[in-house]
Amino acid sequence: MSSITPGWLTGTSAYLTSFSTPGLSSTNFTWEKVKTIDMGVDFGLFSDHLTGSFDLYQRDTRDILALGATPLPAALGTSAPLENSASLRSKGYDIELTYSNNIGKNIHFRVSANLSDNIAYVTKFDGNPNKLLSTYYVGQKIGEIWGYTSDGFYGVDDFEKGSLAANLTGGTLLPNRPRFQGENPNPGDVRFKDWNGDGIVYNGINTKDSAGDFNTIGNSSRRYLFGVNGSVSFKNITFSFALSGVGKQDLAMANTLILPAYNAYSTIYAHQTNYWTPANTDSYFGRLYDHGAGNQKFNQMMPQTKYLQNGAYLRVNNLTLDYAIPEVLLKRVNISGFHIFCSLENPFLFDHLPDGIESGLDSQSEGMQYPYLKKTSFGINLTF
């Protein structure tokens, strides 16, 4: 039961504490059950200069807590209890390779790389027999992004001649031009692909089997996670590095850092200036309206292929340069080790997102997240 501070008694919520109505709980909960099939190979070649491992797995998770299939009357007065009614299957692999060797007598190097990937999809979900797209359904890949296929912008030639006002609004769309259901477009507004050719773009009844012109346009799951680290030593100098990243990820993001003049109180940043005007019809962004009104919300907020963001990135996690004073010199003063180092933490990030949005965070939002800190440190490691 969560606590609340209602104002229904005194008109203020400053002095009262109450509790919300608790939800129902099932009496036959069980633990989730996980079954994993794993096939792996570990190897070492060329006198173990090259070592590695490869794992291929399938993991089934059963009895996940979710909504059940039993219908409950609206008069119940609270949410339905969760049941052990869902299952998930993941298939993936992990690869790791390491190579180390010497070049002559003074140079030693080591490089290690790893790559992993998996796809998860729902194998059971009793609470959605009709496969509504608003929740999980059987056969769904985790991370699916549904939306419309962008097909450019409406132009002046898409409207009956003389029907547009001076500000290019209120025109009559030509009969053979598709329109989004319930919207009256203007030149510069986003146009979507009419896949079934009925002249109306819409999402059907919003189910997997009847989604109209709605399709799977991407996936937000992180794919091809990789890492590379290594070091090279020349006499007493050692340079080491560590990199990590994601090879593929789609992000459906609609906020002030992605879209220009997103609402009445936002602005236009330097990377958002390529928007539609009568003189710039081959633009990236659609038409803008005063105070974000008119059809602007339709242009920007409808999930679509054009504004999917590329979430792939490469992050340099660490760069370190270390110098070890020769042991011959240290023995004279009874010191076993003396290292001077400089280390850079998170110095570089290569990605496709605008400044202010940090790649790799679980939630990018509008950039209002705690970022990875960049840090430079110098130090001495002294061992007696």
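Figure 1. With a relative accessibility of 8%, Asp158 counts as buried (buried is under 20% relative accessible area, exposed is over 50%, and partly exposed lies in between, using a 1.4 Å probe and protein chains only). Please keep in mind that this is a predicted model, where local features need pLDDT of at least 70 and side-chain atom pairs count only at pLDDT 80 or more, while totals for chains, interfaces and linings use all residues. Residues are numbered from 1 along each chain as its sequence is written, and side-chain values use heavy atoms, with hydrogens and water left out. Asp158 forms a salt bridge with Arg177 at 2.6 Å, N to O (a salt bridge puts a side-chain nitrogen of Lys or Arg within 4 Å of a carboxyl oxygen of Asp or Glu). Both Asp158 and Arg177 sit in the loop between strand 8 (150–153) and strand 9 (179–180), so this pair ties together parts that are 19 residues apart in sequence. Strands, like helices, are DSSP runs numbered from the N terminus (helices: H or I, at least four residues; strands: E, at least two). Arg177 counts as partly exposed, at 25% relative accessibility. Asp158 also meets Arg191 in a salt bridge of 3.3 Å, N to O. That pair links distant parts of the chain, 33 residues apart, with Arg191 in strand 10 (residues 190–192). Through shared partners, salt bridges join Asp151, Asp158, Arg177 and Arg191 into one network.

**Figure 2. The salt bridge between Lys33 and Asp63.** A search of the whole structure finds eight salt bridges, and here is another one to look at. The closest N and O atoms of Lys33 and Asp63 are 2.8 Å apart. Since Lys33 lies in strand 3 (residues 33–45) and Asp63 in strand 4 (residues 50–67), the pair ties together parts that are 30 residues apart in sequence. Lys33 is partly exposed, with a relative accessible area of 46%.

**Figure 3. Gln300 and its surroundings.** Gln300 belongs to helix 1 (residues 296–301) and counts as buried, at 9% relative accessibility. Its side chain reaches the backbone oxygen of Pro260 at 3.0 Å. Beyond its neighbours within four places in sequence, Gln300 is in contact (heavy atoms within 4.5 Å) with Ala254, Leu259, Pro260, Ala261, Tyr262 and Leu288.

**Figure 4. The largest pocket.** This pocket has a volume of about 240 Å³. On a 1 Å grid over the protein atoms alone, a pocket is an open set of points with protein on both sides within 12 Å along at least five of seven lines, a cavity is a set where a 1.4 Å probe fits but cannot get out, and lining residues have an atom within 4 Å of a point. Of the 13 residues lining the largest pocket, Ile119, Ile142, Asn219, Ser221 and Arg223 lie nearest its centre. Strand 6 (107–125) and strand 12 (215–219) are the elements that give two or more residues to this lining, and strand 6 gives the most, with three.

**Figure 5. The largest cavity.** The structure holds one cavity of 30 Å³ or more. The largest cavity has a volume of about 40 Å³. Its lining residues are Arg222, Gln249, Leu251, Gly311, Tyr313, Leu353, Ser359, Gly360 and Gln364.

**Figure 6. The second largest pocket.** About 160 Å³ of space lies in this pocket. Leu67, Gly68, Ala69, Thr70, Pro71, Leu72, Ala80, Pro81 and Glu83 line the second largest pocket.

Terms used: A polar contact is a pair of N or O atoms within 3.5 Å; within protein, one must be able to donate a hydrogen and the other to accept it, and residues adjacent in sequence count only if both atoms are side-chain atoms. Grid points are joined across faces, edges and corners, and a volume is the space filled by probe spheres set on the points.
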